[in-house]
Amino acid sequence: MKITRREFLKQGGALAGSILLGELAPLFAEEKPLVVVVRAQNLLDDTGAVRGELITRMLTRGICELTGISESSKAWGRFVSEKDSVVINEAGTWLPNTPEVLLETVSSCWSLKPRQLKLAYYPHQTKLWKKSIREGLKARGVPQSVMDSRLIKRIPVKPFTTLIMLPTLKSHDVAGVSGVVKHFATISLEGPAVHHPNGMKTAGSVIRKQFGHLKKLIIVDAVRFYQTTEGGFYYEKALLFGTDPVAVDTIALELFLKHCVPKGRILPRLHIESADRDYGAGESDKSKIEIRQINL
Amino acid sequence: MRLMTSRVALAFLVVGFGGCIQRSSVLDDAESLGLKLSEGPLIFRGEAIYDFMDGAGELPLSYGFCKLISATYEKNGTMLSVVVFEMKNARSAFGYYSVLDRFPSEVFVENSLRLLPRREVISWKGRWVFVARVESGRAQSSELLELARTAISALSGAYEEPPLLRCLPEKGKIPRTELYTRGRFAFERAILFLPDNPLGVRKETEAVSAEYADAGKLVVVHYRKSSKARRAFKILQNRGFLAKWKGQFLAFVLEPRDVGRADLLLGKVELE
């Protein structure tokens, strides 16, 4: 019977493992990155508005399942502690986050009293969006000073310890579909433009190089995807959780393509597979990813 | 509810365009119609377009984008955004317009005016591409169309399509499926994406395509150098494409519905 590396290390073989792991590697089953998909079919009320209380439950279930810790604050504590400097990065302009997802994430982190907490947002967000986020923060007792539009493209050089990224998925002119891996290129030091050619094949090159030192929590805001063949939203009513950006993107893209279409003829998997194969940034082979589905 | 007239929208859009869009007394009309400028007008030139539309800016840049102006208006809770792109020339304007999103249920109203799902209208004329969209609230399609028609009438220039389109045979061509691309981004986005650009499509490379009912999608590419066209032809041949090459021109059929008919179609293409 094979055991995983994690189980082996838990059983006290850490020292021996660290010495022997190279030779013994073939004996161990590969540990699969975990992606948790939490869905709430009744997420929207009769008017089409998002039920905020369900978002809170989805976040709690997702983070607990991902960490294997049943208590919510301790589960969040895996990523956010009093010693941590945390930056939360929102989804950007083409398909902004569902405000409740962003606000509840910020609120959960704030309650753990990290040394520093920042919400890095895009300066070109609409006034309406900024207003709704400011008001939402105020209602949750979080100071508006956490919002910072100057941090985009500067996260790697700031003294953060944790990056919590909340991308959405939308069809995209140069990547086919914009999701997690593409979003890393967007917030990289050089910005996305240098990665635009060739279907953004090099987008994943920044993940280890510029963000490798950070604890990463990826929460894909899949409440809605954009766009369907008729140009509208598809309400997936889901959140995806993971720590492997490439694995989360792989699963999110698969969900996206069931109801939505990439922009033009760009191959949307190209840059995700390249992030794995060429840059070792994570796992893009679905058969090597553990997926847990939760329906609320 | 009358949302607004296009004259009102253009009152603001005229700013920064040096009179290319004819100004009227519309500035005075705005208040009387109850319209309120919510955001803008904003002007973006050259690569500053990334600040307006992120990576999507690659597409207009590929065509020689010059500048754009955008504004958002509000009336009784309805938000409407208007954008006018100024392109290098009429060919570029047609090209950018032609590769903007296509939808099965979109309606060609007249000339270049397309009414898209989600209450959006797009059009082009001369060097200009016009886009208006209801962002939120209620507005009728008829109001959007009225806005677009008046805007188009205010745009200078004519409907001058790219000469390369003449390479596409008329017989069997599905109307209004013609695309024109210039540069690599537009080509990959709208016609064919092959990783690592083996066809050597560069900034100056032009291409046109159209759908043919029985044959598939016909593509004609014009390279600067015949050696580039020949090299691309050989690559396509090796990959099993139906293709034809002459001088600086290359033609091929994508996703042929009937190989025999696709071959016949290719035979009718005059590459010059």
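How much accessible surface does chain A have, and what share of that surface belongs to carbon and sulfur atoms? In this predicted model, the accessible surface of chain A comes to about 12,800 Å², and carbon and sulfur atoms hold 52% of that area.

**Chain A overall**
- Chain A contains 10 helices and 12 strands, and of its 296 residues 55% are buried.
- Among the contacts in chain A with a separation of 6 or more, 71% are between residues 24 or more positions apart.

**Nonpolar cores**
- The largest nonpolar core has 65 residues, and those with the most contacts inside this core are F85(B), V129(B), F187(B), L199(B), V220(B) and F252(B).
- Apart from that core lies another, of 46 residues, which includes V35(A), L151(A), I218(A) and L240(A).
- Once neighbours within four places in sequence are left aside, the residues in contact with F252(B) include F187(B), L192(B), V219(B), F241(B) and L266(B), as well as K217(B).

- E206(B) counts as buried because its relative accessibility is 14%, where the cut-off for buried is under 20%.
- The side chain of E206(B) is joined to that of R91(B) by a polar contact of 3.5 Å.
- Not counting residues up to four places away in sequence, E206(B) touches R91(B), L164(B), Y180(B), T181(B), R182(B), V220(B), V221(B) and H222(B).

How values were computed:
Residues are numbered from 1 along each chain as its sequence is written. Chains are lettered from A and ligands numbered from 1 in the order in which they are written. This is a predicted model: local features need pLDDT of at least 70, side-chain atom pairs count only at pLDDT 80 or more; totals for chains, interfaces and linings use all residues. Side-chain values use heavy atoms; hydrogens and water are left out. A nonpolar core is a set of buried Ala, Val, Leu, Ile, Met, Phe, Trp, Tyr and Cys residues joined through side-chain atoms within 4.5 Å. Buried means under 20% relative accessible area, exposed over 50%, partly exposed in between (1.4 Å probe, protein chains only). Contact means heavy atoms within 4.5 Å. A polar contact is a pair of N or O atoms within 3.5 Å; within protein, one must be able to donate a hydrogen and the other to accept it, and residues adjacent in sequence count only if both atoms are side-chain atoms. Helices (H or I, at least four residues) and strands (E, at least two) are DSSP runs, numbered from the N terminus. Accessible areas come from the Shrake-Rupley method with a 1.4 Å probe; for residues, only the protein chains shown count as cover.
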